[in-house]
Amino acid sequence: MSRDKITLRAMEPEDLELLYQIENNRELWDVGRTNVPYSRYALRNYIANSTSDIYTDKQVRLMVDSSEHGTIGIVDLVNFEPQHNRAEIGIVIQKAFRGQGYATDVLNLIIEYSRHTLHLHQLYAYVAKDNEASTNLFLRMGFSASLELKDWLFDGNSYHHALMMQKILK
């Protein structure tokens, strides 16, 4: 379990290298929506042009800071639909910090932010069915596996089923 304080903050220009590493990590491509490398130039422009306003950008990316280790990951709210008050969530914790409770802390923070600041009605995530750690995380945090999507994710060699995980924010 994580023992230090976790905070979420807006992206800064100093986050470019970590963002570059995460976005170009091929191990993460099969769980996300993109599978192309990003240049530092494109990511620098993304950071510079992001308003950090979910209503303007229809997404918000927050950096995950640990009081002991510095920046250890990213949490995204994407595909924001203001008419329906919902957004898709994605979390990436750097490999060295996985399995230590940080994702649980991040999910707690982003749920509270989504509920009390953004006034969202629901969050959802697509999780590879065979990703037991992520599936168990979302289930522990009150998400339900509401839908199984056959052959939803392609890793370059084969297709994998995904679960749509949903949480109604009351």
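What follows is a short exchange on how some terms apply to this predicted model.

Author: The model is predicted: local features need pLDDT of at least 70, side-chain atom pairs count only at pLDDT 80 or more, and totals for chains, interfaces and linings use all residues. Residues are numbered from 1 along each chain as its sequence is written, and side-chain values use heavy atoms, with hydrogens and water left out.

Reader: Why is Asp15 called buried?

Author: Its relative accessible area is 6%. Buried means under 20%, exposed over 50%, and partly exposed in between (1.4 Å probe, protein chains only). So Asp15 is buried.

Reader: Where does Asp15 lie, and what does its side chain reach?

Author: Asp15 is in the loop between strand 1 (6-10) and helix 1 (16-23). Helices (H or I, at least four residues) and strands (E, at least two) are DSSP runs, numbered from the N terminus. The Asp15 side chain reaches the backbone nitrogen of Glu12 at 2.7 Å. Beyond its neighbours within four places in sequence, Asp15 is in contact (heavy atoms within 4.5 Å) with Arg9, Ala10, Ile47, Met63 and Thr71.

Reader: What makes helix 1 oblique to helix 3?

Author: The two pack at an angle of about 120°, with axes 10 Å apart. Axes are lines fitted to C-alpha atoms, for helices over the stretch in contact, and angles run from 0 to 180 degrees between N-to-C directions. Under 35 degrees is roughly parallel, over 145 roughly antiparallel, 65 to 115 roughly perpendicular, and the rest oblique. Therefore helix 1 is oblique to helix 3.

Reader: Which residues make that contact?

Author: Helix 1 uses Leu16, Glu17, Leu19, Tyr20 and Glu23. Helix 3 uses Arg40, Leu43, Arg44, Tyr46 and Ile47.

Reader: Is Gln122 buried or exposed?

Author: Gln122, in strand 5, has 10% relative accessibility, so it counts as buried.

Reader: What joins the side chains of Gln122 and Gln166?

Author: A polar contact of 2.7 Å. The term asks for a pair of N or O atoms within 3.5 Å; within protein, one must be able to donate a hydrogen and the other to accept it, and residues adjacent in sequence count only if both atoms are side-chain atoms.

Reader: What is in the largest nonpolar core?

Author: It has 30 residues; Leu77, Ile89, Leu107, Leu123, Phe138 and Phe143 have the most contacts inside it. Helix 5 gives the most, with 5 residues. Such a core is a set of buried Ala, Val, Leu, Ile, Met, Phe, Trp, Tyr and Cys residues joined through side-chain atoms within 4.5 Å.
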